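Hi everyone, thanks for making time for this. I'll walk you through one protein model, so please have a look at it before I start.

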Amino acid sequence: MKYAITGISGFLGINLVRYLLNKGHAVAGCDIVDFDYEDCKDKVSFTKADIRDAAAMDRWLAAEKPDMVVHTAAALPLYKKEDIYSTDLDGTRNVLEATHKAGAQRMIHISSTAVYGIPDHHPLLEDDQLHGVGPYGICKVEAEEICKQYRAKGMCVPIIRPKSFIGPERLGVFALFYDWAYTGHNFPIVGNGNNPYQYLDVEDLCEAIYLCATLPCEKTNDTFNIGAKVFGTMKNDFQAVLDHAGHGKKIIPFPIAGLAVFILRILEAFKLSPLYKWVYETAYKESFVGIEKAERILGYAPKFSNKDALIRNYDWYVANLSKFKGQSGVSHRVPWDQGIWKIVKALF
């Protein structure tokens with residue numbers, strides 16, 4: 001089959017490309033950033049386009065005639081508010097409409113567990129109340145509503161809510177932690193670190209996407225939480241990376257979470273830290289979703305634990321450090337500027 005992927009140049013995009021090519025499928029993609037991965041750029045039909053341009057989306061999908069569309073493109077929390085709204089809402093609507101016009105079998109929408117906001121219970125289930133925090137979370141909630149509107153038009157639109165996913169090519173905020181581990185520093189965390197916290201390996205996410213693409217629509221035209229099945233506490237899982245790095249360093253809990261959050265709010269307000277509200281206000285709390293629905297309906301069976309995924313991502317970071325050293329930006333594909341944490345690191 002032929003798959004069309006929005007946001008193909010991003011972290012999830014490239015991992016999904018490799019996954020689909022390995023299964024023998026044809027892949028087309030669009031992005032506002034060049035698709036420059038040497039291992040597969042000659043195997044993919046790439047179009048440079050912005051999902052906010054409705055006419056461009058119509059032309060792209062009409063020309064490619066895909067069987068499946070996977071919508072991974074999004075403006076992340078560090079983007080400007082207006083870009084988040086125009087990309088994550090208008091862009092999603094444009095891709096859905098273009099998919100509808102092109103007659104593709106279905107469009108798989110990659111949402112986020114950010115739709116649950118800062119929750120007061122766990123595990124989080126697909127039918128829990130949604131409450132987005134900040135422009136990104138709000139837009140993710142509203143984008144799902146747009147998807148449901150197209151379901152009402154007869155389209156098959158599976159919605160996937162992944163936990164924060166990691167693996168090869170993932171940088172962003174995780175690059176801060178991996179940098180400290182690689183250079184031999186202890187690493188501070190908000191709270192005592194004893195809170196269970198679930199992540200997800202990108203390969204397991206690709207498998208979930210593939211299940212949503214290949215199983216009958218009567219099964220997949222629904223919403224699914226996707227996360228690791230085996231996970232521990234924030235302190236223990238991150239300590240596994242420090243142990244793997246081999247410098248004998250430790251996770252340093254900051255048990256007065258309220259004070260830490262207050263400081264982080266000030267740093268964010270003055271643009272001195274890349275950490276945003278949803279990150280630091282959930283980092284010291286339980287955070288995990290129930291994946292039983294995906295297991296039962298899709299046959300989802302994740303291979304990687306939190307520790308497996310974090311260590312696999314760290315090893316990729318170390319092996320590829322020379323390729324992105326000195327770079328920074330606001331996407332998952334590049335390290336985020338550490339800001340004041342470059343100075344704080346010397347204390348640890």
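**Salt bridges, a pocket and a patch**

Let's start with Glu-38, which is exposed, with a relative accessible area of 60%.

Before I go on, some housekeeping. This is a predicted model, where local features need pLDDT of at least 70 and side-chain atom pairs count only at pLDDT 80 or more, while totals for chains, interfaces and linings use all residues. Residues are numbered from 1 along each chain as its sequence is written, and side-chain values use heavy atoms, with hydrogens and water left out.

Okay, back to Glu-38: its side chain meets that of Lys-41 in a salt bridge, 3.2 Å from N to O. By salt bridge I mean a side-chain nitrogen of Lys or Arg within 4 Å of a carboxyl oxygen of Asp or Glu. Lys-41 counts as partly exposed, at 33%. By that rule, the count comes to 20 salt bridges.

Another one pairs Glu-97 with Lys-153, at 4.0 Å, N to O. Glu-97 sits in helix α3 (residues 81–102) and Lys-153 in the loop between α4 and β6 (159–162), so this pair ties together parts that are 56 residues apart in sequence. When I say helix, I mean a DSSP run of H or I with at least four residues; a strand is a run of E with at least two, and both are numbered from the N terminus.

Then there's Arg-312 with Glu-203, also a salt bridge, at 4.0 Å, N to O. Here Arg-312 is in helix α12 (residues 306–319) and Glu-203 is in helix α6 (residues 202–214), 109 residues apart. Salt bridges that share partners join Asp-201, Glu-203, Lys-303 and Arg-312 into one network.

Now, how big is the second largest pocket? Its volume is about 580 Å³. Of the 23 residues lining this pocket, the closest to its centre are Pro-77, Leu-78, Glu-268, Pro-274 and Tyr-276. A pocket, on a 1 Å grid over the protein atoms alone, is an open set of points where a 1.4 Å probe fits, with protein on both sides within 12 Å along at least five of seven lines, and lining residues have an atom within 4 Å of a point. The volume is the space filled by probe spheres set on those points, which are joined across faces, edges and corners. Helix α4 (134–152) gives the most to the lining, with four residues.

Helix α9 (residues 257–269) contributes the most, four residues.

Most residues other than glycine have a negative phi, and most peptide bonds are trans. Yet a cis peptide bond joins His-122 and Pro-123, with omega about 0°. Glu-169 has a positive phi of about 85°, and this residue is buried, at 12%. Lys-271 has a positive phi too, about 60°, but Lys-271 is exposed, at 75%.

Conventions:
Buried means under 20% relative accessible area, exposed over 50%, partly exposed in between (1.4 Å probe, protein chains only).
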